[in-house]
Amino acid sequence: MSITGAPARGGQSRPPRQLPRLIQPGGPLPLAGHLSRYGPVPLPGDGAALIAEAGRAGLAGRGGAGFPAARKMRAVAAAVAGRGHGLLRTARGGVLVANGVESEPASGKDKMLLDRSPHLVLDGIALAAAAVGASRAYLCLHAGYPGLAGQLRAAVAERESAGISPVGVQVTEVPGGYVASQETALISFLNGGPQRPAFVLPRPFERGVRGRPTLVQNVETLAHLALIARYGAAWFRELGPPQSAGSALITVSGTVREPSVQEIELGTRIGDLLERAGGPAEPPQAVLAGGYFGGWLPYPAALNIRMTDADLRAAGAALGPGVLILLPESACGLAETARTIGYLAGQSAGQCGPCLNGLPALATAFDEVAFGRPDGDTLGWARQLLTLVAGRGACHLPDGTAALAASALRVFGHDLRRHAASGPCPQAWRQPVLPEPADSGAAP
Amino acid sequence: MSHRLRVNPVTCEAHGVCAELFPERIAADPWGYPIIAPQPVPDELLGHARRAVAGCPTLALLLDRLD
């Protein structure tokens, strides 16, 4: 295989020197067109070399947590090879789960990637499976997109009949709400169990689907891997700052002229990203970065913040799964946040007491903040709840909800004082900007 | 050699035994679920910590050795 900076064998076209990398203009390429654009899939003779190349590239997971892809792959490869601790020894192959479930309501980038570049994701699946020693793969997407699932099954069949399908790929539609795409909840579902996050060992890389070492990787991460395997780590690092290398797909919505999925160089200014989505459609007041586990940033200060997880965290938000929502002046940030906290509280799997009790309490307190006339007691209780719920669940639902709520109290402080003095603003009852899917109930 | 307490939030049912037995490190939240102080458990409190772990009716309290 070729994992140097030079193009791989096979005579494909030169690596793209600028954007886009992942989603080309025009419709999705059929397999033949895809292979003539990118060249054959450089399956690794030595899995460790591909993992090392992903490590040198600094590829971080694009599903929301930003975990280094190479570290995850190395752990699964070690468990598959039986190099783990005594009990983990296994002679069977591992399992790869390509996570495209994307249950973040304002995110559309994984669906778009699967729709427009299915073969790049399937290349990534073949490569990652080969690198860690997985003998079976699942490509998971959210239930409710039968057309997309059909396209993906057709793409899988196309590769099988072309004889370039080293690992069986099962396209799987996953129902459920916000926590359905959480790693351990997804594995539990694939094992026929309830869609609930797990707290106790084993961790997926040790024993996941069918008890096998399991690599769960976001579909965009796998698409980047497909390019890194062909063009190398140095090429990947041509874009983005050293600590946040490469490009990323960002779903931009809210009051922009062209709500869209944008592939950006990491480190791009929020202002430049908004311009690429057509700029503001009406006067903005704030930006929500990182989705519902992210945070609010005030406008226009947000414009100069760069799209890396470190920069966004320093400003009180996060990169998360790459979601940016521009909030207009005509909306009430407290009301938007209150509705979203209510939605997130309803997404609790109901397993952990602090989440099961704390999130509804936080939602009630925020309803009073947004739609009532909050006194000092209400605000004090809301602030106390933020510290009470954070870090006390099996998954990050309580932490993420608390972070969003805390950022709202910070950024919409002037609204808070106005609500306290004279009740809610009329904007509180306008059409919501933040989406809140009615069809996705809590996990069973 | 210090130790760290953790609670499994899935199996914890807020019986409150741990907070009774080890108030030096465990408090109850408004719903009765334990809030565990983040600092490690020193050796002189280890006996109390072990009693709290043993007393949990759902075995949700965990004591890990920090190496």
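Predicted model: local features only at pLDDT ≥ 70, side-chain atom pairs only at ≥ 80, totals over all residues.
**Entry 1: the overall build**

I began with chain A and counted secondary structure, which comes to 16 helices and nine strands. Its C-alpha trace spans about 70 × 45 × 40 Å along the principal axes. I then checked the radius of gyration: a compact globule of 444 residues would have one near 22 Å, and chain A has 22 Å, which agrees. Buried residues make up 55% of the 444 residues in chain A. I also looked up how far apart in sequence the contacts reach. Taking contacts in chain A between residues at least 6 apart, 73% join residues at least 24 apart.

Next came chain B, with two helices and four strands. Read from the N terminus, its elements run β-α-β-β-α-β. The radius of gyration of chain B is 11 Å, close to the 11 Å from the globule rule for 67 residues, so chain B is as compact as a globular protein of that length. Its C-alpha atoms fill a box of roughly 30 × 20 × 20 Å along the principal axes. In chain B, 27% of the 67 residues are buried. Of the contacts in chain B between residues at least 6 apart in sequence, 66% join residues at least 24 apart.

**Entry 2: where the chains meet**

**Entry 3: the nonpolar cores**

I wanted to know which residues touch the most other members of the largest nonpolar core. They are I125(A) and V287(A), in a core of 144 residues. Helix 5 (residues 118-132) of chain A gives the most to this core, with 11 residues. Setting aside residues up to four places away in sequence, V287(A) touches I270(A), L297(A), Y299(A), A302(A), L324(A), I325(A), L326(A) and L327(A). Another core, of 14 residues, lies apart from it and includes L5(B), I26(B), Y33(B) and A52(B).

Helix 3 (residues 69-80) of chain A got the same check. Its 12 residues should span 16 Å at 1.5 Å a residue; the end C-alpha atoms are 17 Å apart, which agrees. Nine of the 12 residues are buried, so helix 3 is largely enclosed by the rest of the structure. Among the buried ones I noted K72(A) and R74(A), along with A69(A), M73(A) and V76(A). The buried residues of helix 3 pack against helix 2 (47-57), strand 1 (94-100), helix 5, strand 4 (214-218) and helix 8 (219-231) of chain A. Just after helix 3, G82(A) takes a positive phi of about 75°.

**Entry 4: domains of chain A**

The domain assignment gives domain 1 (31-236), domain 2 (253-328) and domain 3 (333-429). I looked at domains 2 and 3, whose centres over C-alpha atoms are separated by 22 Å. Here 12 residues of domain 2 are in contact with 12 residues of domain 3. On the domain 2 side, strand 7 (284-289) and strand 8 (295-298) are the elements that give two or more residues. Strand 8 gives the most to that side, with four residues. The residues on that side divide into eight nonpolar, four polar and no charged.

**Entry 5: a look at V252(A)**

V252(A) sits in strand 5 (residues 247-254) of chain A. Why does V252(A) count as buried? It has 26 C-beta neighbours inside 10 Å, and 20 or more is the cut-off. Beyond its neighbours within four places in sequence, V252(A) is in contact with P259(A), S260(A), Q262(A), L273(A), L274(A), A277(A) and L324(A).

Note on methods: Residues numbered from 1 in each chain as written. Chains lettered and ligands numbered in written order. Core = buried A, V, L, I, M, F, W, Y, C linked by C-beta atoms within 7 Å. Contact = placed C-beta atoms within 7 Å. Expected span 1.5 Å × (residues − 1). Domains from an automatic or database assignment. Nonpolar A, V, L, I, M, F, W, Y, C, P; charged D, E, K, R; others polar. Rg over C-alpha atoms; globule rule 2.2 N^0.38 Å.
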